[in-house]
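Reader: I have a structure to look at and some questions about it. Please keep the answers plain.

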Amino acid sequence: MTKKDTNFPEAGRIDAWAPERQDIIDLLEEQGRPLKNRELVERLGVVSDDSREILRRRLRAMVRDGQLVKNRRNAFGLPSRMDLVAGRISAHPDGYGFVMPDDGESDLYLSSRQMRSVLHGDRVLASVIGVDHRGRREGAVREILERAHQRVVGRFVEESGIALVVPDDTRINQDVMIPLKDTGEARPGQVVVAEIVKQPRDRQPPVGRVVEILGTSGAPGMASEIAIRNFDLPFEWPEGVEEEADAFGDVVTDEMTSGRRDLRDLALVTIDGADARDFDDAVYAQRRKNGWRLVVAIADVSSYVTPGSPLDREAEKRATSVYFPGRVIPMLPEAISNGLCSLKPDEDRLCLVADMSINDQGVVTRTRFDAAVMRSQARLTYQEVWDWIVSGKEQIRPDTKEISASLHDLYGLYRALRKARSKRGAIDFESTEVQFQFDERGAVADIVPYERNDAHMLIEECMVTANVEAARFLLRARIPAPFRSHEPPPVDKLESLEQFLRGLGIRVPWKGRPSPRDFEKIVQQIKGRDDRPLIMAVLLRAQSMATYQAGNTGHFGLALEAYTHFTSPIRRYPDLLVHRAIYHVLSRQSAKEYGVSRDRMDKLCEQCSHRSRRAEEAERDVNDRLKAYFMEQHVGDEFKGQVLSLI
């Protein structure tokens with residue numbers, strides 16, 4: 001055990017030494033029994049009053065987090081030694097549920113009776129009480145560590161003098177009782193937000209009060225309003241955040257550009273969707289004797305959003321922008337995201353640039369990162385670029401000779417990068433995305449397939465290449481930074497997948513652990529089959545979930561040894577962290593001046609992973625609702641369909 005002078009979160013303003021959490025866990029493992037506070041103080045060598053206070057707060061925090069349990073004798077023990085399982089509740093609409101253990105062990109079944117005191121998402125300590133008739137471990141809730149829901153969105157019901165809110169999320173399988181004095185102006189059938197004032201207990205359902213009336217189910221914009229509240233998405237700016245963003249102004253001054261590499265004469269352009277408003281990447285390419293020069297310029301958000309500022313705290317809290325059809329919940333205020341940092345045409349902008357040399361085989365041979373200033377020469381759309389490629393015209397727009405030359409070379413580079421991608425065995429999971437079309441009232445008028453073309457994939461390959469180079473740069477620097485990790489499929493999913501594929505007569509190309517190339521072989525093998533969408537969906541579900549990690553573990557799906565997210569700091573917090581790390585290396589500062597420990601980066605990565613998944617789930621939820629609203633117009637009509645999964 002090493003003594004350190006460190007500020008601990010549990011310690012408030014106290015600055016003294018105290019044992020780390022792992023020291024406490026190791027001692028309890030060694031002793032094999034719960035220890036009281038006095039015994040812990042003696043065995044851990046805690047001397048000063050300040051250190052004892054830190055230890056007291058740390059023990060309380062560890063109990064709160066489920067790492068320790070405090071028994072009736074006020075002694076602290078390890079849950080595993082007390083036959084307790086710490087985990088999060090996963091509820092089923094039919095009333096029963098499961099504890100999903102923090103340690104990744106098999107789930108613990110909870111009967112509907114055990115579920116009375118908890119709601120979906122709560123963190124609990126549970127004990128194993130037996131095995132049910134299906135051979136599943138059965139548990140009982142012993143202690144509730146954390147409540148997941150303070151507010152619930154649902155339909156307001158009032159009958160026979162009783163009012164309640166029926167949760168919109170079917171996994172919250174208890175209605176919230178509302179005293180008549182707390183119903184506000186809610187009317188039966190309306191969608192409302194209820195604040196829970198009493199959490200459920202064994203013999204009492206949750207009790208709440210109506211705090212917000214959203215309106216009528218199915219009304220335009222209601223899908224996103226429900227998702228924002230169901231997934232607890234921050235959508236209002238705290239005091240001081242927008243003011244800080246506005247204070248930068250909307251113009252890059254000469255003072256800001258001092259000491260930066262000047263790329264304003266380079267034919268950099270942005271290529272995005274027609275409805276995009278935040279432009280955070282620009283590209284330029286030039287054919288050379290044995291390859292290409294590729295310049296990827298990324299909006300320099302880190303020069304404005306500094307660590308610990310109100311802007312930074314809110315960006316960290318949100319971690320990502322959330323994109324709904326017709327609405328965006330941005331990570332940063334509009335003055336930054338759509339204004340000063342957005343790479344608008346004919347406007348000076350600060351950027352962090354990756355200037356790469358790539359050979360004819362699509363392999364990067366040299367990369368230079370620089371703080372720069374740029375001026376986008378054009379704002380192009382995917383469709384515009386694709387139409388130009390197909391047309392074979394010399395220039396994409398009148399008087400755009402340099403831009404057109406760069407685009408021509410970009411397309412040649414893209415073909416080389418695609419060949420390199422195929423050679424390393426990256427998986428191309430094809431899926432059909434849809435686009436919603438709205439009428440003048442904001443209701444869904446139509447749903448149409450969203451076609452991806454080579455212009456989309458051109459930008460995708462450029463961004464992947466820049467992300468790989470950023471990851472390699474940070475690996476050489478050996479400082480904590482967020483890497484994008486995608487593990488191979490877990491064994492249990494692989495077994496189910498193999499049975500599914502063989503049942504359809506599809507040859508499984510791997511023995512033991514598969515490589516990305518094996519999955520790509522299956523993708524190629526099923527081309528032209530009527531059940532291709534079903535097979536692609538099952539292949540996707542068999543994959544591990546990509547996460548952010550402070551240590552590099554590679555990216556299975558892309559068949560890459562190192563990967564990170566560098567290209568979207570306007571809308572993703574990990575990208576902003578990567579920019580700060582790169583700037584730290586470029587400035588040749590010491591590790592102490594970096595100011596981010598490995599523990600801190602681990603926590604940031606875990607938080608960003610969780611909030612990225614939350615955003616994806618919210619976006620999927622809104623899309624599903626909009627599809628359901630649209631199909632309500634077609635009740636009685638017949639369509640051809642294909643079952644992709646069983647719920």
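Reader: Which residues of H4 are buried?

Author: This is a predicted model, in which local features need pLDDT of at least 70, side-chain atom pairs count only at pLDDT 80 or more, and totals for chains, interfaces and linings use all residues. Residues are numbered from 1 along each chain as its sequence is written, and side-chain values use heavy atoms, with hydrogens and water left out. Buried means under 20% relative accessible area, exposed over 50% and partly exposed in between, with a 1.4 Å probe and protein chains only; helices (H or I, at least four residues) and strands (E, at least two) are DSSP runs numbered from the N terminus. In H4 the buried residues are Met222, Ala223, Ser224, Ile226, Ala227, Ile228 and Arg229.

Reader: Why is helix H4 described as largely enclosed, and what covers its buried residues?

Author: Seven of the nine residues of H4 (residues 222-230) are buried, so the rest of the structure largely encloses this helix. Contact means heavy atoms within 4.5 Å. The cover includes strands E9 (151-159), E12 (190-198), E13 (207-216), E18 (322-324) and E19 (327-329), and helix H17 (598-631).

Reader: How are H1 and H3 oriented to each other?

Author: Axes are lines fitted to C-alpha atoms, for helices over the stretch in contact, and angles run from 0 to 180 degrees between N-to-C directions. Helix H1 (residues 21-31) and helix H3 (residues 49-64) pack at about 75°, with axes 11 Å apart. Angles under 35 degrees count as roughly parallel, over 145 as roughly antiparallel, 65 to 115 as roughly perpendicular and the rest as oblique. H1 and H3 are therefore roughly perpendicular.

Reader: Is threonine 567 buried or exposed?

Author: Threonine 567 lies in the loop between strand E26 (547-549) and helix H15 (573-586). Beyond its neighbours within four places in sequence, the contacts of threonine 567 include Asp280, Met463 and Asp575. At 3% relative accessibility, threonine 567 counts as buried.

Reader: How far apart in space are arginine 571 and arginine 368?

Author: Arginine 571 lies in the loop between E26 and H15, and at 28% relative accessibility arginine 571 counts as partly exposed. Arginine 571 and arginine 368 are 203 residues apart in sequence. Their distance in space, C-alpha to C-alpha, is 24 Å.
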